[in-house]
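Subject: Structure handover

Hello,

Here is the structure I promised to pass on. Please open it and keep it beside this email while you read.

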Amino acid sequence: MAAGKSGSCKMLEPFEPPGPPPSKKSRKGRNLEKLHGSTAIPEAEVMEQDIWKEFPEDLLEAVIARLPIASFFRFRSVCRKWNSLLESQSFSQRCAEIPQGNTWFYAFTHDNVNSGTMYYDPSMRKWHHPAYRPTKMIALPVASAGGLVCFLDIGHRKFYVCNPLTRSFKELPTGSVKVWSRIAVGMTLNGNSTTGGYKVMWVGRDGEYEVYDSVKNSWSRPGSMPSNIKVPLSLNFLSQAVSVDNTLCFMRSDPEGIVSYNMDTGVCKQFIIPAPLHLSDHSLAECKGRIMLVGLLTKNAATCVCIWELQKMTLLWKEVDRMPNVWCLEFYGKHVRMTCSGNEGLLMLQMRSRQMNRLVTYNVMSREWLKVPGCVVPRGRKQQRVACCIAFNPCLTATA
């Protein structure tokens, strides 16, 4: 030992050759090890199956009825019992007692008109796949009310009504008038919910129209077109009809204004309302009984999206908001086209040109503009271009 150093001397352990490398465990084995090893649950905290079997059925339905729509459809895959809840009368009553969620948008893409369908949930800013299409034909969504969406088969002139969430589906009977020209379509409820039925109305350019009543399961033509309404109507087919107090409003261009039809009384009226200058691609919208106008305002090479509200006393449009200027700079010098779909004050705007395709939502009450994230179908990498969309209120109890 060297001087000045003290302490015990440790004997070296004999050398042992290393053993064989540990065998690679499967993913299932690793998961079981984690479950039963480091994260073992005390027996006192494990709920027995007998407790779940005795769980009150009405309480279970009350809990599931309060789930977000997207979560509910994930929970349907848990077991057959939960999957069959949609057919339960008591569960439907539970859902009817709870206010339904926000507006969703049903859309399909250019790449695959028949199967490329989807939902967009603005509250979660998320696309859901797959959506439901009522027929293999090329049927376009043309109107909606109370969780139901009305489709028009452009080839055979047939109407379909379905609930895209529950896939409740109905083909409407053929009407008494065969229409081969373009038509505008609107839809309303007989009351505040679909339990009282619904009505679908189409209007042609020459003033002909029919109304379908789901309670009677037939088409009729209540009332008549007043003689003071000029025909042809020159309807704006890019603008979807809006419903205000069970009255459908259609936009026309010559003369500029609105044609309204009361679904209860059968009274048809016309309102002459001059459109703002330099306006194009404009559409009607509705928010809590207020009639709104959405359109592109183009002057020289500058284009901007503007929002107007109809003043009921003067029957004039008053501008209430504009898209942020930073966003509008993207449209400068481009030939931009726009379509609009909305429900209860939430709008989805689609701006497209050769160089771009943008989706934006606008909340009329909060005046909030939000860009919609790109849509990619499952197992796909390419972003899909939305061809058409329509707003609807997701409802599990709505039946076609």
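Thr247 is buried, because its relative accessible area is 16%, and the cut-off for buried is under 20%. Bear in mind that this is a predicted model. Thr247 sits in strand S13, which covers residues 247-253. Its side chain makes a polar contact with the side chain of Asn262, at 3.4 Å. Leaving out residues up to four places away in sequence, Thr247 touches Val242, Ser260, Tyr261 and Asn262.

Next, the salt bridges. How many does the structure hold? There are seven. Here are some of them.

- Lys230 and Asp254: their side chains meet at 3.7 Å, N to O. Lys230 lies in the loop between strand S11 (218-220) and strand S12 (242-244), and Asp254 in the loop between S13 and strand S14 (256-262), so the pair ties together parts that are 24 residues apart in sequence. Lys230 is partly exposed, at 43% relative accessibility. Asp254 is also partly exposed, at 39%.
- Arg205 and Asp206: the closest N and O atoms are 3.4 Å apart. Arg205 is partly exposed at 39%, and Asp206 is partly exposed at 47%.
- Arg322 and Glu319: the closest N and O atoms are 2.5 Å apart. Arg322 has a relative accessible area of 37%, so it counts as partly exposed. Glu319 is partly exposed too, with 36%.

Now look at helix H3, residues 57-65, where you will find Leu59. Is Leu59 buried or partly exposed? Leu59 is partly exposed, with a relative accessible area of 42%. Together with Phe55 and Val63, Leu59 forms a nonpolar patch on the surface. The three share about 250 Å² of accessible area. Other residues of H3 are buried: Leu60, Glu61, Ala62, Ile64 and Ala65. The buried residues of H3 pack against helix H4 (69-75), helix H5 (80-83) and helix H6 (89-97).

Last, the interior. In soluble globular proteins, nonpolar side chains tend to be buried together. The largest nonpolar core here has 38 residues. Which of them touch the most other members? They are Val305 and Met351. Beyond its neighbours within four places in sequence, Met351 is in contact with several residues, including Val305, Met323, Phe331, Val336 and Met356.

Best wishes

Methods: Residues numbered from 1 in each chain as written. Predicted model: local features only at pLDDT ≥ 70, side-chain atom pairs only at ≥ 80, totals over all residues. Heavy atoms only, no water. Helix = DSSP H or I, 4+ residues; strand = E, 2+ residues; numbered from the N terminus. Buried < 20%, exposed > 50% of the residue type's maximum accessible area, 1.4 Å probe, protein only. Polar contact = N/O pair within 3.5 Å; in protein donor to acceptor, adjacent residues only side chain to side chain. Contact = heavy atoms within 4.5 Å. Patch = residues over 30% accessible without salt bridge, like charges linked within 9 Å, V, L, I, M, F, W, Y side chains within 5 Å. Areas by Shrake-Rupley, 256 points an atom, 1.4 Å probe, with all protein chains shown as cover. Salt bridge = Lys/Arg side-chain N within 4 Å of Asp/Glu carboxyl O. Core = buried A, V, L, I, M, F, W, Y, C linked by side-chain atoms within 4.5 Å.
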